[in-house]
Amino acid sequence: MLKKISTNFIDNIMPFEEPSRVAEEDVFSVEKAILNFKSVCIASIFILTINCLINFFFDYSYSFYITCLACLFNVFVYIVVNRNNLPLIRMCLVVADCITICLLCYIEGLVVGNYLFLFVLLVISIFIFSYSERKYLIAVFLLIIVSFIFIFSFAPIHSSFQKISATEERNTFTLNLLFSLIVLCILSYLALRQHHIQAQFISKERQFLNTIYNTSLDGVFIVDVATMYIQDCNTQSITLFGVNTKQEILNKPAATFFKNFSSAMYNPGESWQGNLTCLTANATEFPGYISIVPFLHGNKMLKKINILNISDIKKVEEELIEAKNKAELAMKAKSTFLGNMSHELRTPLNGIIGTINLLLEEKKLPDQQEHFNLLKYSGDHMLHLINEILDFSKIEAEKVVLEQTSFNVAKFMQKVKSLFTNQFALKGIALHFEVDEKLNIPFIGDETRLNQVLVNLISNALKFTDKGGVIVVAKRIEAKKDKAKILFSVKDSGIGIGEEQQKIIFESFTQGDASTTRRFGGTGLGLSISKEIVEIFKSKLFVESKNGEGSKFYFTVELEMNRTPLQIEVVEDTSNRNLRSMKILVAEDNNINMLVIRKFLTKWNATIVEAKDGVEALEKFENDKFDLLLIDLEMPRLDGYQTIKQIREKNKHIPAIAFTAAIYENIQTDLMQHGFTAYVQKPFKAEDLYNKLTENKK
C-alpha cells in the first residue's frame, strides 16, 4: 500500500524517481508489515486464550481442546515470525484459524456465532499481506469463501456434540460478536495509525527530496529523451542561467542552454560527462561541468542533466598552469645557471688539478711532496663541493635514475676504504671496516650512487671526529632466492648530534649548529643528498646519536644477486702509456687547460696541433690530416657544437672527443647526436683522458 502511495506521490509531485529512496520505502513497508503481523498474532492469542478459559469454565471439552491447540499454534507462529517474516508462515496461520473456526462452528452450532471471526480473519488477511504477495491473498480469500460455504452447508444450528443451553448460546454469541467488534476496532485503529505514519513519512520524504533537489549547487534539468525538451528544473538552474522563473526554462530544447551540444548526448540509455560552454538567458557564456544520466520513469525515458559552474575552477587551473610555467622557467633558468657556473668553476679547476697531477708525476724536492698533497686535497675538496651542488639540483628535479651494473660489494668496500686510508692516517684517527664474507659475490645495482652515500657519511665522520675512530660495517641481514638485503653503517666517536639537531640535519643546506659550519665548513648538502639517494634505493637513512658520544648513520639496500660471473679485472700498467702514432688536433681557448693537455699528450708521445678557437681549428683541419680531434665546447667565435657540425660536413668518420666542464641530463646522448664520438669531463683524470683517446683512435 505504501509503495503504491509513494509511487503516486512521485508521479504527481516530483519530476523524477530516485531509486534509492524507493528502495527505502519498500524497506519501510516490510518493517511495518512485520510489526502489524506480530500485533495480530498477539491479539489472536489473546482471543483464543479467553475462549479456552470460557470453554474450560462451561466444560465444553471439544471446544476447549480445539482452542488450546489453535492457541499453541499461534504462539509457535509468533515465535517463528520474530525470526523471519515468511509469507508461507502467515498463510499457515490463516489456514489454521479457518480450520479452528470451521470446527468450532461444526461442534458448537451456528447460533453461537463463531463464523463471525471469519470476517475478522478476512480483514486480518488484508492487513498482513502486501500487494506484492497477492497470490497468497487470493488463496486466503478463496479459503475464507470455502470456509463460509462449509459452515453454512454442514454445520448444525445447535450443537449435537456438547450440551449448550439457549442462555449459554445467546451469551456465547454475544461474546463472539463483542470480541469480533473489539478486534475489528483495534485493526481499524492500527490501520488509521499506520496510514498516519505513512503520511508523515511521505511528507518528510517530499520535504527531504525537495530540499536535496532545490538546494543543490548544481543546476538540474529533467529532459524528455524523445524530444530533448526540458520537463523540469531545480531552483539553482534559475540562478545559474539568469532567468526569473522556471517557466522561462521549461518546455525549451536543452540545446538552447549549451554551446556545441553534441547529438551523442541524445542517445537513450547512455550516460555522458564532460565540459561544455553554457549559455545564459542574455547569451553570456560560462564554463560548466555537465553530467547526463538516463533513467526510466514509468514508460518514459528521461535524462537528468547536472550543470556545475566551474568558472572559479577554470580560473584556478589557469593560475596553476601559469604558476607551473613560471616554475618550469625558473627551473630551466636554475639549470642554465648551474650549468654555466659548473663550466666557469670547472674550467679553472681543471687547470689547477691537472697542473697538480703533472707536478706529482714529475721530480720534486722531498719537502715539496706534502705541499703538493695539500694542493691536491684542496682541489679535490673544491670539486667535491661543486659536485654536491649539481647532484642536489638533479635530485631536486627528480632526474636521478639508478644504474644496474654488476659489482662485488666486498671489493667495492675495499675501494671505499682505500679512498680514506691516507686521510685518516694524517688526522690520527682509526678507520676500521667490517665487511661480511657473504658479500664477496657479484650484485646488480648502482655502485656509483652507493659509493656517493658512503663517501659522504665517512667524510662527515672524519670531519667531526678528533679522537677515537670510525667503524664502517657492511653486513647481509636477509637473503631471498635472488635478492639480499644489506646493512651499511658508519659509526664515529665524534662530537655527536643532539635530539633537536637530528630533526633537521637531513634538510638541505643545514648543519647541526651554526658554529659547526664555521668550525668544520661544508655546504650542508651531504646528508640531504645521501638521504635522497637512499630513498631512491627505496630505503631510509637513519641516525642514532647523542651530544659528545658520537654518531651512527645506517641504512639498508636490497640488491639483486648476479648469477653471471664477473669478468676478471685487469689492472692497467700506467707506466707505459704511449700515443706515438697519433696526431691530435686540440681546440681549447683556456691557456692553462691547453698547457695541462699539452703536457700530458707530450708525455705520452702524441703529436699535437693547437687551436685557440673553432675558427682556427677549422682552418688547421682543412690544411692537415689528424687521427683524432679534442674539442672544447665553450670557445669564442665558433663554439664546439658549431665546429663539429662543419667538420662533419667534410668528414663523417674522424673520431672527435668533446672536452667539457658542463654537466646536464643525457649529456652523452646529446653530444653523440651533435657529432661527437665521446667526451671527457673537466676536471679530468689522466687515465680517463688516455683511455678515451685510445678507445676512439682510428
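Reader: Is Q452 buried or exposed?
Author: This is a predicted model, in which local features need pLDDT of at least 70, side-chain atom pairs count only at pLDDT 80 or more, and totals for chains, interfaces and linings use all residues. Residues are numbered from 1 along each chain as its sequence is written, and side-chain values use heavy atoms, with hydrogens and water left out. The cut-offs are under 20% relative accessible area for buried and over 50% for exposed, with partly exposed in between (1.4 Å probe, protein chains only). Q452 comes out at 15% relative accessibility, so Q452 counts as buried.

Reader: Which side chain does the side chain of Q452 make a polar contact with?
Author: Q452 sits in helix α12, residues 447–463; helices (H or I, at least four residues) and strands (E, at least two) are DSSP runs, numbered from the N terminus. A polar contact is a pair of N or O atoms within 3.5 Å; within protein, one must be able to donate a hydrogen and the other to accept it, and residues adjacent in sequence count only if both atoms are side-chain atoms. At 2.7 Å, the partner is the side chain of R449.

Reader: And how far apart in space are Q452 and I529?
Author: In sequence, 77 residues separate Q452 and I529. From C-alpha to C-alpha, the spacing is 9.0 Å.

Reader: Which residues does N74 touch?
Author: N74 belongs to helix α3, residues 61–83, and its relative accessibility is 0%, so N74 counts as buried. Its side chain also has a polar contact of 3.5 Å with the side chain of D97. With contact meaning heavy atoms within 4.5 Å, and leaving out residues up to four places away in sequence, N74 touches S44, I45, L48, L93 and D97.

Reader: What about the contact of α4 with α6: how do its residues divide?
Author: Helix α4 (residues 87–108) and helix α6 (residues 134–154) have axes that come within 10 Å and cross at roughly 10 degrees, which means α4 is roughly parallel to α6. Among the residues involved are M91, V95 and C102 of α4 and L143, S147 and F150 of α6. The tally is 18 nonpolar, one polar and no charged.

Reader: How many disulfides does the structure hold?
Author: A disulfide here is a pair of cysteine sulfur atoms within 2.5 Å. The sulfur of C68 is 3.7 Å from the closest cysteine sulfur, in C52, so that is too far for a bond. C102 is in no disulfide either, with the nearest cysteine sulfur, that of C98, 6.3 Å away. The number of disulfides is zero.

Technical notes:
Axes are lines fitted to C-alpha atoms, for helices over the stretch in contact, and angles run from 0 to 180 degrees between N-to-C directions. Angles under 35 degrees count as roughly parallel, over 145 as roughly antiparallel, 65 to 115 as roughly perpendicular and the rest as oblique. Ala, Val, Leu, Ile, Met, Phe, Trp, Tyr, Cys and Pro count as nonpolar, Asp, Glu, Lys and Arg as charged, and the others, Gly among them, as polar.
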